[in-house]
Amino acid sequence: PGKVYFTRQDIAFFSKDRSRMLALLNQGELQVVFSIYKRYLERIGQYRAFVEKSIKEGISFDRDEVYRANRKDEPYCRNDIELRELWRKRLKNDLLYYRLMQKVMEERSNDPDVKADLKKRWFKKSPEEKGRIRMHDLYNHVAQSDQMDILGIFLTAMSQVYGPHSHYSTPKQDEDFDIQFKLSLTGIGATLTNEDGYVKVV
């Protein structure tokens, strides 16, 4: 819904295969799926570099601006220039959110021990550091997806065209779901469980 990575030019490039997408899938030809994901990864890499550069140069909060987080009904940016302007506003919004969260938590906590804990955990990193780490983690997560993961994302997106609650689970996602559902992980003779917020080895 954010439409923050692809431009209209990207969508036009992908759309050239739209009419023969089903035929390609029936033939087991998945290159178009992987090419879309590759472009997605490239865009996230560009946004990460943009975040790093912008934070290094400094973010200005000296003027009022509007950022729409949900751009579901908005058009895609026409080109890279418009996309980078959207990125600038999004980054500004994210940093402002972190700052406001810190301010609210400080004001609402009257317990000295809670304040000390907040300072140790939440305030340990600046909003800028949090923004940088968030993008670093997102890029790593996307970059580490293998072909089965990518196919799972595509099949889920395609199935939701017919049913909003439809979902395709890869074998890896099924395993992750079982771990989260049971709150345990078994292997090589040991069991890891979550107990009172701590990992327990049995």
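Visitor: At what angle do the axes of helix H3 and helix H4 cross?
Guide: Please keep in mind that this is a predicted model. Helix H3 covers residues 31-57 and helix H4 covers residues 80-108, and their axes come within 10 Å of each other. The angle at which these two axes cross is roughly 60°.

Visitor: Which word describes how H3 and H4 lie to each other?
Guide: The crossing of H3 past H4 is right-handed. Angles from 65 to 115 degrees would count as roughly perpendicular and those under 35 as roughly parallel, whereas the axes here cross at roughly 60°. The two helices are therefore oblique.

Visitor: How many residues of the contact of H3 with H4 are charged?
Guide: On the H3 side the contact includes Arg43, Tyr47 and Phe50, while among the residues from H4 are Asp80, Arg84 and Trp87. When the residues of this contact are divided by kind, 7 are nonpolar and 2 are polar, and the number that are charged is 6.

Visitor: Which helix gives the largest share of the lining of the largest pocket?
Guide: The largest pocket holds about 1200 Å³ of space, and of its 27 lining residues the closest to its centre are Phe6, Ile36, Tyr76, Phe154 and Ala157. The lining divides into 21 nonpolar, 3 polar and 3 charged residues. Two or more lining residues come from each of helix H1 (8-15), helix H2 (21-26), H3 and helix H7 (147-159). The largest share, 5 residues, comes from H7.

Key:
Residues are numbered from 1 along each chain as its sequence is written. This is a predicted model: local features need pLDDT of at least 70, side-chain atom pairs count only at pLDDT 80 or more; totals for chains, interfaces and linings use all residues. Side-chain values use heavy atoms; hydrogens and water are left out. Axes are lines fitted to C-alpha atoms, for helices over the stretch in contact, and angles run from 0 to 180 degrees between N-to-C directions. Helices (H or I, at least four residues) and strands (E, at least two) are DSSP runs, numbered from the N terminus. Angles under 35 degrees count as roughly parallel, over 145 as roughly antiparallel, 65 to 115 as roughly perpendicular and the rest as oblique. A crossing is left-handed if the near helix is turned anticlockwise from the far one by less than a right angle, and right-handed if clockwise. Contact means heavy atoms within 4.5 Å. Ala, Val, Leu, Ile, Met, Phe, Trp, Tyr, Cys and Pro count as nonpolar, Asp, Glu, Lys and Arg as charged, and the others, Gly among them, as polar. On a 1 Å grid over the protein atoms alone, a cavity is a set of points where a 1.4 Å probe fits but cannot get out, and a pocket is an open set with protein on both sides within 12 Å along at least five of seven lines; lining residues have an atom within 4 Å of a point. Grid points are joined across faces, edges and corners, and a volume is the space filled by probe spheres set on the points.
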